[in-house]
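Please look over the sequence and the structure shown below before reading on.

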Amino acid sequence: MLDIKFIRENQQIVRKAIADKQLGESLKSLNELLLLDEEFRLLRSDLEEKQAKRNASSKKIGELKRRGENADELIQDMGRLSNEVKKLEEKSRSLEAQINTLMLELPNIPHQSVPYGQGPQDNVVAKEHGEKPQFDFQPKPHWELATARGWFDLEAGVKTTGAGFPVFKGEGARLLRALIQYFLNKLNDLGYTEIAMPLMVNAESATATGQLPDKEGQMYQVSDGFYLIPTSELVLANLHRDEILATETLPIKYAAYSACFRREAGSYGKDVRGINRVHQFDKVEMVQLTEPAKSYEALEQMTETSEAMLEALGLPYRRLLMCSGDMGFTQAKKYDLEVWSVGQGRWLEVSSVSNIEAFQARRLQTRFRDGGVSGKAKPELVHTLNGSALALPRTVAAILENYQNADGTVTVPEVVRPYFGKALME
């Protein structure tokens, strides 16, 4: 969420952000917000003036009564004034609630280094690493390899739940578990605190991180007002909601494995073949809370952490600097990492790493200052960052396709073997 004072004083910057992010529907919210803000400030001025008069009248009445003088007329006037104040206070609360709702509908401002673009075709390839593998046989897509060997069962998922809910079996399940262990251990070595957490959040938590009202169409809502998490970020970022942190505790670094749930409405064609795009998937997530001056250094570090994992797995990948129109509602700057899928002849996204700056923290009211809660300095909003390290099952798909053998077996990457237990799937 943006600061109302910033919105008021930088209307053209906000309008440009809305246009650059291709979020035209937010323009109506901005225009309505500015009108309500003007009305609110005028009303507050009138309210404060009447409150001052009421307080002065109350003091005058007290003086008259102490002197034994008649205060009936003044009491009647103050009664009328009190009724006016009450109505203005009710109107003020109503306007403030409308303003707060509209502010949730305005996107974050892209960082100055983010290129303008209307969609995926305008993203910039910032880095490419590794050689695409060459085979002396026709490589197969992961769904053919896995189905033939029984590593996952798409039909079982359809039968038990529905399309987009794959069942991993045998060595496919073991590979999934091995990768999760490998990712979490690497993050632990880098100073991330591992979190085991709920897979559901309430609406307040989803609103605080920016999923509501922006992404309600992608989330699964269950009974009692809970939402299944689309990413661990929702829980990790909320761990310090409404807190003032001591500066010396920053950066706070959290890592978590979780199942993630997304509707993925509108997906079709090659994007949904096999396990390319599913409604439930596993992911290891990293979240950092940092001082504002250090957040872009943290963004590069987090991106390099995910890249190091891909390099250790021996998977060719590229880093995309996302353009304004393909970046998302909450992000100030975002990188996507894509691995090469030899069986499909295309790139698959396995990680997104984003700096949200103070946009999320303002909703969370997560702040910091020297001395923490007991300090005397004015608290500042932290910057929040999140990134995948890494997302499955596309990482699994890339391993199956890039490490396949002519006989249909798949060689497990060396760094995963201690967690998997043997070198070849047979």
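Does Ser-352 count as buried or exposed? With a relative accessibility of 12%, Ser-352 counts as buried, where buried means under 20% relative accessible area, exposed means over 50% and partly exposed lies in between, as found with a 1.4 Å probe on protein chains only. This is a predicted model, in which local features need pLDDT of at least 70 and side-chain atom pairs count only at pLDDT 80 or more, while totals for chains, interfaces and linings use all residues. Residues are numbered from 1 along each chain as its sequence is written, and side-chain values use heavy atoms, with hydrogens and water left out.

Ser-352 is part of strand 12, which covers residues 346-355; helices (H or I, at least four residues) and strands (E, at least two) are DSSP runs, numbered from the N terminus. Its side chain makes a polar contact of 2.5 Å with the side chain of Asp-336, a polar contact being a pair of N or O atoms within 3.5 Å, of which, within protein, one must be able to donate a hydrogen and the other to accept it, and residues adjacent in sequence count only if both atoms are side-chain atoms. When neighbours within four places in sequence are left aside, Ser-352 is in contact (heavy atoms within 4.5 Å) with Lys-334, Tyr-335, Asp-336, Asn-386, Gly-387 and Ser-388.

Turning to the chain as a whole, its secondary structure comes to 13 helices and 17 strands, and its C-alpha atoms fill a box of roughly 105 × 45 × 45 Å along the principal axes. Of the 426 residues in the chain, 50% are buried. Among contacts with a separation of 6 or more, 74% are between residues 24 or more positions apart.

The next topic is how helices pack. Two packed helices are described by the angle between their axes and the distance between the axes; here the axes are lines fitted to C-alpha atoms, for helices over the stretch in contact, and angles run from 0 to 180 degrees between N-to-C directions. Helix 7 (residues 170-189) packs against helix 10 (residues 295-313) at about 135 degrees, with the axes 11 Å apart. The two are therefore oblique to each other, since angles under 35 degrees count as roughly parallel, over 145 as roughly antiparallel, 65 to 115 as roughly perpendicular and the rest as oblique. Helix 7 contributes Leu-179, Tyr-182, Phe-183, Lys-186 and Leu-187 to this meeting, and helix 10 contributes Thr-305, Met-309, Ala-312 and Leu-313. These residues divide into 7 nonpolar, 1 polar and 1 charged, where Ala, Val, Leu, Ile, Met, Phe, Trp, Tyr, Cys and Pro count as nonpolar, Asp, Glu, Lys and Arg as charged, and the others, Gly among them, as polar.

Helix 7 also meets helix 12, their axes coming within 10 Å and crossing at roughly 115 degrees, so that the two helices are roughly perpendicular. From helix 7, Leu-175, Leu-176, Leu-179 and Phe-183 meet Thr-395, Val-396, Ile-399 and Leu-400 of helix 12. This contact has 7 nonpolar residues, 1 polar residue and no charged ones.

Some details of the backbone remain. A cis peptide bond, with omega about 0 degrees, joins Ala-389 and Leu-390, and Leu-390 lies in strand 15 (residues 383-391). Another cis peptide bond, with omega about 15 degrees, joins Leu-392 and Pro-393, and Pro-393 belongs to the loop between strand 15 and helix 12 (394-402). Gln-22, although not a glycine, has a positive phi of about 60 degrees; Gln-22 sits in the loop between helix 2 (11-20) and helix 3 (25-66).
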